[in-house]
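Here is a short tour of a protein chain, starting with its fold and moving on to its salt bridges. Have a look at the structure first, then read on.

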Amino acid sequence: MPRTATIERTTSESSIRLSLDLDGTGISSISTTVPFFDHMLTAFSKHSLIDLDVQATGDTDIDAHHTVEDTAIALGLALQEALGDKAGVRRYGDATVPLDEALARAVIDLSGRPFLVHSGEPAGFELHRIGGHFTGSLVRHVFEAITLNARITAHVEVLAGRDPHHIAEAEFKAFARAMRVAVETDPRVTGVPSTKGAL
């Protein structure tokens, strides 16, 4: 069965259409009207090997927050739908990714229990505007929205870094590489990889 999903989410603040294929090759078409977020989602697709199509518009004249948040919610929902009952997946994934002076680690469990542990961003990072539109605080918010709506456990930690762009990108790439492993099918796994029989 194809592991794909399409989510459409429309509110008074944004309009999102997002499609993904877990068994893709990292092809993406991203347009959120928030350039740095487009860059991060493109990196997520490339390094997770999840094909991703995102078309989003919103009230970015007020702030990028609503469009970014609603897109991340849609991405989480799409991941949950495409994973189905999670039979045959590896379930766990982890990755440590450098970007010049920055270093980030992500660990993912497709547990069915939404929980995010996020740490290590330097003081003031959350206030920095990256690319003029994307506030550093949105990085954590994206991971929160994905984690809660995909119903996964994720630990994301910044181990080193000075440049806000590099820190954010290392986090997204580490998350992507960990996701790539976790959603991968393992021919040795029969059924759902849990002693409970469900995830």
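## Order of the elements

Starting at the N terminus, the elements of the protein chain follow the order β-β-β-α-β-α-β-β-β-β-β-α-β-α. That makes four helices and 10 strands, where helices (H or I, at least four residues) and strands (E, at least two) are DSSP runs numbered from the N terminus.

This is a predicted model, in which local features need pLDDT of at least 70 and side-chain atom pairs count only at pLDDT 80 or more, while totals for chains, interfaces and linings use all residues. Residues are numbered from 1 along each chain as its sequence is written, and side-chain values use heavy atoms, with hydrogens and water left out.

## Overall shape and packing

The C-alpha trace spans about 50 × 35 × 25 Å along its principal axes. Of the 199 residues in the protein chain, 49% are buried; buried means under 20% relative accessible area, exposed over 50%, and partly exposed in between (1.4 Å probe, protein chains only).

## Salt bridges across the chain

How many salt bridges does a search of the whole structure find? The search finds 10, each being a side-chain nitrogen of Lys or Arg within 4 Å of a carboxyl oxygen of Asp or Glu.

One of them pairs Asp-23 with Arg-3, with 2.7 Å between the closest N and O atoms. This pair links distant parts of the chain, 20 residues apart: Asp-23 is in the loop between β2 (14–21) and β3 (28–31), and Arg-3 is in the segment before β1 (4–10). Asp-23 is partly exposed at 44% relative accessibility, whereas Arg-3 is buried at 11%.

## Helix and loop partners

Asp-70 and Arg-9 also meet through their side chains in a salt bridge (3.4 Å, N to O). Because Asp-70 sits in helix α2 (residues 65–83) and Arg-9 in strand β1, the pair ties together parts 61 residues apart in sequence. Asp-70 is buried, with 3% relative accessibility, while Arg-9 is partly exposed at 26%.

Another salt bridge joins Arg-129 and Asp-63, whose closest N and O atoms are 3.8 Å apart. Arg-129 belongs to strand β8 (residues 129–130) and Asp-63 to the loop between β4 (51–58) and α2, so this pair ties together parts 66 residues apart in sequence. Finally, Arg-90, Glu-184 and Asp-186 are linked in a network of salt bridges.
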